[in-house]
Amino acid sequence: MLTKEYVKQVFSLLEQGDLDGYLQQYVDEQVQWTITGTNVLAGTYHSRDEFVNRAIHALKKALEGDIKMQIHHVYVDGDTAIVEMQSIAKAKKGHPYDNQYVWIQRFVEGKIIEARVYYDDVLVNQSIDPI
């Protein structure tokens, strides 16, 4: 059974700025990862590799250094976690990349198999070039 404590453990890697560790350790290879909205990263990615090679690559290319997350709230219902958080980073274009997020993630056997992400489309489009 998914617990709030386990989800906090998963997201602790993001708080440390270890995005790659989070992706490798907790995201299933066949994840369905949907970024909502009309921003340059929006769409559904049908595997971890596709998500990393397109969205994460574009994000890393747009930022100076690592992105760290501050977790504000974690909610768990059954196999699903809802996490409210804020990024702490700086865009190479010179402005802060302090975005607000809600991630809804479904877990099976400790791995994220489905994710939906909600965030500030305008900030993403100001910071990240189209992929």
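Mentor: Let's start with a definition: helices (H or I, at least four residues) and strands (E, at least two) are DSSP runs, numbered from the N terminus. This is a predicted model, in which local features need pLDDT of at least 70, side-chain atom pairs count only at pLDDT 80 or more, and totals for chains, interfaces and linings use all residues. Residues are numbered from 1 along each chain as its sequence is written, and side-chain values use heavy atoms, with hydrogens and water left out.

Trainee: What order do the elements of the protein chain run in, from the N terminus on?

Mentor: The order is α-α-β-β-α-β-β-β-β-α, with four helices and six strands in the protein chain.

Trainee: What makes the protein chain as compact as a globular protein of that length?

Mentor: The radius of gyration is taken over C-alpha atoms, and the globule rule is 2.2 Å times the number of residues to the power 0.38. For 131 residues the rule gives 14 Å, and the protein chain has a radius of gyration of 14 Å, close to that value, so the chain is as compact as a globular protein of that length.

Trainee: Why is Gln105 called buried?

Mentor: Buried means under 20% relative accessible area, exposed over 50%, and partly exposed in between (1.4 Å probe, protein chains only). Gln105 has a relative accessible area of 1%, so Gln105 is buried. This residue lies in strand β5 (residues 100-108).

Trainee: What joins the side chains of Gln105 and Tyr22?

Mentor: A polar contact of 2.8 Å. The term stands for a pair of N or O atoms within 3.5 Å; within protein, one must be able to donate a hydrogen and the other to accept it, and residues adjacent in sequence count only if both atoms are side-chain atoms.

Trainee: How do you know that Met69 is buried?

Mentor: Its relative accessible area is 7%, so Met69 counts as buried. Met69 is found in strand β3 (residues 63-77). Its C-alpha atom is separated by 4.4 Å from that of Ser87, 18 residues apart along the chain. Contact means heavy atoms within 4.5 Å; leaving aside neighbours within four places in sequence, Met69 has contacts including Leu14, Tyr101 and Trp103.

Trainee: Why does Glu109 count as exposed?

Mentor: Glu109 has 82% relative accessibility, so it counts as exposed. Glu109 lies in the loop between β5 and β6 (111-119).

Trainee: What is the phi of Glu109?

Mentor: Glu109 has a positive phi of about 50° although it is not a glycine. Most residues other than glycine have a negative phi.
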